[in-house]
Amino acid sequence: MDVNHIIKGYQIIKILGKGGFGIVYLVQKENKYFALKKISNITKEKLMHYQELLDKLYQIKSEFVIKYYELFVENSCIYIVMEYGGNSNLKNYIEQKKPILIEENIIKGIIIQICLGLKEIHKNKLVHRDLTPDNIFMDDNYKIKIGDFGISKILTTTKNYAKSQVGKHHYLAPEIEKGEKYNNKVDIYSLGCVIYELFTLKEYYNIENNKETINLDIYNQKWQNLIDLALKDDFNKRPIIEEIYSYIEEEINNNKNEIICFYFKKNKD
């Protein structure tokens with residue numbers, strides 16, 4: 001679609017990104033900006049999947065998760081209207097920071113927001129399955145929003161398991177790579193990879209001789225402990241998101257005003 005093309009009242013501004021699951025546009029309607037995802041090659045099964053997925057996403061009430069507004073079909077394509085997460089994401093931020101390590105207070109605020117968002121996702125029996133820095137949007141005030149649920153899986157109960165192989169290789173839990181059954185703890189493994197990357201500015205590889213600890217001369221040991229917990233090869237030994245939340249709850253309580261206020265304001269340093 002060309003710039004200025006209008007579909008169902010949404011004016012196309014520009015392309016935000018392309019991927020295997022469709023094209024995402026920046027659109028405008030009634031002086032508000034949205035992201036519009038176009039999915040081609042529509043099938044009955046694909047439409048049912050996205051309708052079911054959006055029914056779940058509508059129920060998520062978290063400021064740390066991208067909001068979804070509507071789904072419609074035009075010209076044999078599915079269109080999904082969602083909150084516009086901005087021009088940047090966690091991956092861009094990490095790349096821009098290299099080679100200077102990120103301040104611990106900033107990382108702490110980012111981790112807490114991701115955990116709060118993931119807690120709501122899992123509470124609604126969804127597995128994200130593609131939790132990577134590319135899909136975690138962040139504005140200039142360090143405000144985090146988890147997005148891109150294109151390959152998410154709905155679990156009818158929290159103990160249900162899935163088996164399809166999806167996601168980006170560097171962030172995949174071992175059970176997915178082995179083609180084994182898995183549950184929402186694959187997101188915990190991905191979270192561990194993201195946290196590792198925030199502290200080291202390097203992607204985590206599940207290869208023994210490539211594993212490094214974070215710089216303990218700069219950062220608190222508790223973050224390495226959290227990474228080690230999240231990156232257990234045996235998913236039965238990984239914590240669930242509520243346990244991770246409890247692990248960092250002291251940080252949340254001790255720094256509530258800092259997290260809610262400071263990180264959502266422009267850093268003027």
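The buried residues of helix 6 (residues 221–230) are Trp223, Gln224, Leu226, Ile227 and Ala230, where buried denotes a relative accessible area under 20%, exposed over 50% and partly exposed the range in between, computed with a 1.4 Å probe on protein chains only. They cover an arc of only 155° around the axis, which puts them on the same side of helix 6; the arc is that of the directions from the helix axis to the C-beta atoms. An α-helix has 3.6 residues a turn, so residues three or four places apart point the same way. At the N-terminal end, helix 6 is capped by Asn220, a side-chain oxygen of which lies 2.9 Å from the backbone nitrogen of Lys222. Such a polar contact is a pair of N or O atoms within 3.5 Å; within protein, one atom must be able to donate a hydrogen and the other to accept it, and residues adjacent in sequence count only if both atoms are side-chain atoms.

The model is predicted, with local features requiring pLDDT of at least 70 and side-chain atom pairs counted only at pLDDT 80 or more, whereas totals for chains, interfaces and linings use all residues. Residues are numbered from 1 along each chain as its sequence is written, and side-chain values use heavy atoms, with hydrogens and water left out.

The protein contains eight helices and ten strands, taken as DSSP runs (H or I of at least four residues for helices, E of at least two for strands) numbered from the N terminus. Of its 269 residues, 48% count as buried. Among contacts (heavy atoms within 4.5 Å) with a separation of 6 or more, 62% are made by residues 24 or more positions apart.

The axes of helix 5 and helix 6 come within 8 Å and cross at roughly 145°, the axes being lines fitted to C-alpha atoms over the stretch in contact and the angles running from 0 to 180 degrees between N-to-C directions. On the helix 5 side, Ile188, Tyr189, Gly192, Ile195, Tyr196 and Phe199 meet Trp223, Leu226, Ile227 and Ala230 of helix 6. By class, this contact has nine nonpolar, one polar and no charged residues; Ala, Val, Leu, Ile, Met, Phe, Trp, Tyr, Cys and Pro count as nonpolar, Asp, Glu, Lys and Arg as charged, and the others, Gly among them, as polar. Ser190, also found in helix 5, is buried at a relative accessible area of 5% and, leaving aside neighbours within four places in sequence, is in contact with Leu131 and Tyr171.

Helix 3 contains Ile107, which is buried at 0% relative accessibility. Ile107 and Phe199 are 92 residues apart in sequence, yet their C-alpha atoms are 7.5 Å apart in space. Beyond neighbours within four places in sequence, Ile107 is in contact with Ile102, Leu198, Phe199 and Tyr219.

In helix 2 (residues 90–97), the buried residues are Leu90, Lys91, Tyr93 and Ile94. Seen down the axis of helix 2, these residues fall within an arc of 160°, so they line one face of the helix. They pack against helix 3 (104–123), strand 8 (136–138), strand 9 (144–146) and helix 5 (185–200). In the loop between helix 2 and helix 3 lies Pro99, joined to Lys98 by a cis peptide bond with omega about 0°.
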